[in-house]
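User: I am new to this structure and would like a close look at one part of it. Please take the aromatic rings and the helix contact beside them, and go through them step by step.

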Amino acid sequence: MTDLRDRTIDFFELLVKGHWKAPKLQQLQHEMQSFDDKQIELFRRALIRSLDSGIHDFLFKLQEQADFNNEIEIKVQGINIIQASDGLHGELFTEDGWFANFSKYGENNKEEF
């Protein structure tokens, strides 16, 4: 969660603030300055929903490959987390899920407009 989800959200937050010095990001950062706080929040929510969807789909595919083809094994502290889970992609959600426990941004559960 910290190396993928949190870093991506952190990148966005710094982008909005105009933090990055890379020449290829200057125009994007400049254009983002024209958006108000409500618009930035909408972009932020869309980014997090898209990112979370990608993480979910990736974990689902890993679980599927492990279940049907036995081609993938992921160990964390010596435990095969795919075998230990009844659905790796479902581990992300709820108050006890990976988003809530391992991401500084928690679970994205804000209501939509």
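Analyst: Trp20 has a relative accessible area of 26% in this predicted model, and because buried means under 20% and exposed over 50%, Trp20 counts as partly exposed. Its ring pairs with that of Phe11, with 5.2 Å from centre to centre and 25° between the planes. Planes under 30 degrees apart count as stacked, so the pair of Phe11 and Trp20 is a stacked one. Phe11 is partly exposed as well, at a relative accessible area of 35%.

The whole structure holds two aromatic pairs. The other joins Phe35 and Phe43, whose ring centres are 4.9 Å apart. Their planes stand at 80°, so this pair is edge-to-face, the cut-off being over 60 degrees. Phe35 is partly exposed, with 32% relative accessibility, and Phe43 is partly exposed too, with a relative accessible area of 34%.

Helix H1 spans residues 2–16 and helix H2 residues 23–32. Their axes come within 8 Å and cross at roughly 70°, which makes H1 roughly perpendicular to H2. On the H1 side, the contact involves Phe11, Phe12, Leu14, Leu15 and Val16; on the H2 side, Leu25, Leu28, Gln29 and Met32. Sorted by type, the residues of this contact are eight nonpolar, one polar and no charged.

How values were computed
Residues are numbered from 1 along each chain as its sequence is written. This is a predicted model: local features need pLDDT of at least 70, side-chain atom pairs count only at pLDDT 80 or more; totals for chains, interfaces and linings use all residues. Side-chain values use heavy atoms; hydrogens and water are left out. Axes are lines fitted to C-alpha atoms, for helices over the stretch in contact, and angles run from 0 to 180 degrees between N-to-C directions. Helices (H or I, at least four residues) and strands (E, at least two) are DSSP runs, numbered from the N terminus. Angles under 35 degrees count as roughly parallel, over 145 as roughly antiparallel, 65 to 115 as roughly perpendicular and the rest as oblique. Contact means heavy atoms within 4.5 Å. Ala, Val, Leu, Ile, Met, Phe, Trp, Tyr, Cys and Pro count as nonpolar, Asp, Glu, Lys and Arg as charged, and the others, Gly among them, as polar. Rings of Phe, Tyr and Trp (its six-membered ring) pair if their centres lie within 6.5 Å; planes under 30 degrees apart count as stacked, over 60 as edge-to-face and the rest as tilted. Buried means under 20% relative accessible area, exposed over 50%, partly exposed in between (1.4 Å probe, protein chains only).
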